Amino acid sequence: MTFLIRQISHTADGREIVRQSTLPKPHLSIGRAAENDIHLQDLSVVPDHARIEQIDARRITVRSTGTLGFDVDGRTVTRVDIDTVEGAELRFGGHRITVSHGEADGIVLSVQRVDALSDALEEKDEARVFSLTGLLPGRRGMAWALVLSILIGFLAVPIFSYATRPAQDTRNIYAVRGERQAQMKQASLTKQDDVTGDAAWSPGPLSQTHHALEGKCESCHVKAFVSVQDSACQTCHNPAQVHEHAPAARIAMARAAPGMGGRILSSFASAFGKPGDGACVDCHTEHEGAGPMQQTAQQFCTDCHGSMNERLKDTKLGNAGDFGTSHPQFQPAVMTVAPSLGLKLPRFDRVSLDAKPVENNGLKFPHDIHLSRAGGVARMARTLKGQKPYGDALACADCHRPTADGVRFLPVDMETDCQSCHSLGFESIGGTVRTLRHGEPAQVIADLRAFYRSTGPARPIALGSTARRLPGDYAAAKVGASYLRAAAARPGNAEAAIRAVFSRGGACYDCHVIAPPGAGGKANWQITPVHQPMRYMANGWFDHAAHKIESCESCHAAPKSSKASDLLLPGISSCRDCHGGEQAKADVPSGCALCHSYHVGDGAPWVPANAIRDKTVAKVIALSGARVTGSADETLGETKRNR
């Protein structure tokens, strides 16, 4: 489906200029905005005015995206179906679009301005048309009048209003809006002297978090004309729960020296008693609107972290100025040394993913074999399809189960996720299968020894009461003696069974790292503890629920992993396919606060408002445990904050 666009213009001497372009797409946009397919520079056309959609090879539909319509062959409509073979003439403001059909070109749209932009263009005298020189006073007089009116309206009146406020100050327009609206309406005919002049100094209402403090300015602004102090915040917020991000002296050393503008702002802040570096108000800004509190700007973090190594020579942190262009590779905390059976504690190191780290998690597990669509595992999945929700092959979701909030995944559990294929059964009694105790090697050894001590060997058929046997007492005694020898030796067979379980080919050996008796000073067989972390980057947030539109394999290379030691975490380049810096033109502009929180906590730092409006993310955002900002549903937002 293709449209041929013919832009027709005229030179000063009347010569026609035609510029053609072909757009191979099924629909076009029309409007004043530059990003439209048909850009009409006309103030009578809205930025996104209409859409043209192709129905088939000769028919199209033209519809308005808003309430403002357009003309079709002299009549105003908001939607019309057009047969391009018959043709039609569309009118958008001063522009005419002629619809036709070409044998070779398909649908042809000829765009031409038929009206002048303004009277000034027709009269060639713009200065005379728009000039107000003879109607207004001089510029100097107007400038002084405006300055004086600003000083009176926004300085003198607010100071007078604040100085004469009542002891019980209920004048705040935000606080009294619901309570006094009816009273003010009744009194409007008799009393008009309730002036809240100092309300002009308020940039706007408080956020949803501090909505209860509307009209109680003194709760935060303890002293007039003095900035909010940390002590005012700590009246409600327990300082013991506030994370000491770094010592104040080190924060001061890390921050880059401000430029001229920064020094001017700092001097004003100092004059109004603003606290020094690391104050609450540096990050948490108020009066930005009645919705949830806005996220911390990226600049707040990059003032220090953008070039930290230049000022803190001993820092181990890499510079981070922008996620899309200047951010170090992820450094997860990986168990590089496994605990050696009681002799040594495990060791965790933060290792860059560029170094391709491996993890000693105590497991032997090949993802590629289990995810393969051919082979024994796939055949087993098809065999168990009626009993388990398996497909023709195993999928990630068959073993990895998300947490209740969908943010992370629970550790894989043997009984729930593995035992349907990897059975630990060793005896069946009346249809009930006895299984070895998973995760307790000492109990496994005890159960096997008890089994061999409490049961006898298989009874020879010759000792049966109805079975045929050789005649004579000698033959009977020989069979009985063989059975007695087997029964006497049976308890000793337990040790052979134990060795088989913990050796190559045994139930434990294929998945776990085994230590034989004597290793680490232990008398019995031992299994190296298994480590399955739910979170590798404690200082960074990641929500799987918010990424549910992606497949597991788009980030994790599990189908190609043949060892459990492979660290299947995606690198930063994978995230940058969608995420860019705060000001980037990416699918998801991402500031520092999207993944990092200044205060330590297990919850999500922040989720952008446009993620709620984006249909591709809105379906899964309700599953995440993140706080929501912007014009999101109040119930949803409250649920997130309560986490």
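Predicted model: local features only at pLDDT ≥ 70, side-chain atom pairs only at ≥ 80, totals over all residues.
Visitor: Let me pick one residue. Why is His 370 called buried?

Guide: Buried means a relative accessible area under 20%. His 370 has 17%, so it is buried. You will find His 370 in helix α10, residues 367-371.

Visitor: What does His 370 touch, leaving out residues up to four places away in sequence?

Guide: His 370 touches Phe 365, Val 377, Leu 394 and His 422.

Visitor: What makes the pair formed by Pro 366 and the side chain of His 370 a polar contact?

Guide: The cut-off for such a pair of N or O atoms is 3.5 Å. Here the backbone oxygen of Pro 366 lies 3.0 Å from a polar atom of the His 370 side chain, so the distance falls within the cut-off.

Visitor: Now the strands. How do you know that β3 and β4 pair?

Guide: Pairing needs at least two bridges. Strand β3 (residues 27-31) and β4 are joined by two bridges, so they meet the requirement, and they run parallel. One example is Gly 31, whose bridge partner in β4 is His 39.

Visitor: Which sheet holds these strands, and what makes β4 and β9 its edges?

Guide: They belong to an open sheet of five strands with mixed pairing, in the order β4-β3-β5-β6-β9. β4 (38-39) and β9 (79-83) each have a single partner strand, so one side of each is left without a neighbour in the sheet.

Visitor: Why is strand β12 described as mostly covered?

Guide: Seven of the eight residues in β12 (residues 106-113) are buried.

Visitor: And which strands pair with β12?

Guide: Strand β1 (residues 3-10) pairs with β12 in the parallel sense over six bridges, and Leu 4 has Val 108 as its bridge partner there. Strand β11 (residues 95-102) is joined to β12 by eight bridges and runs antiparallel to it. In that pairing, Val 99 stands opposite Leu 109.

Note on methods
Residues numbered from 1 in each chain as written. Heavy atoms only, no water. Helix = DSSP H or I, 4+ residues; strand = E, 2+ residues; numbered from the N terminus. Buried < 20%, exposed > 50% of the residue type's maximum accessible area, 1.4 Å probe, protein only. Polar contact = N/O pair within 3.5 Å; in protein donor to acceptor, adjacent residues only side chain to side chain. Contact = heavy atoms within 4.5 Å.
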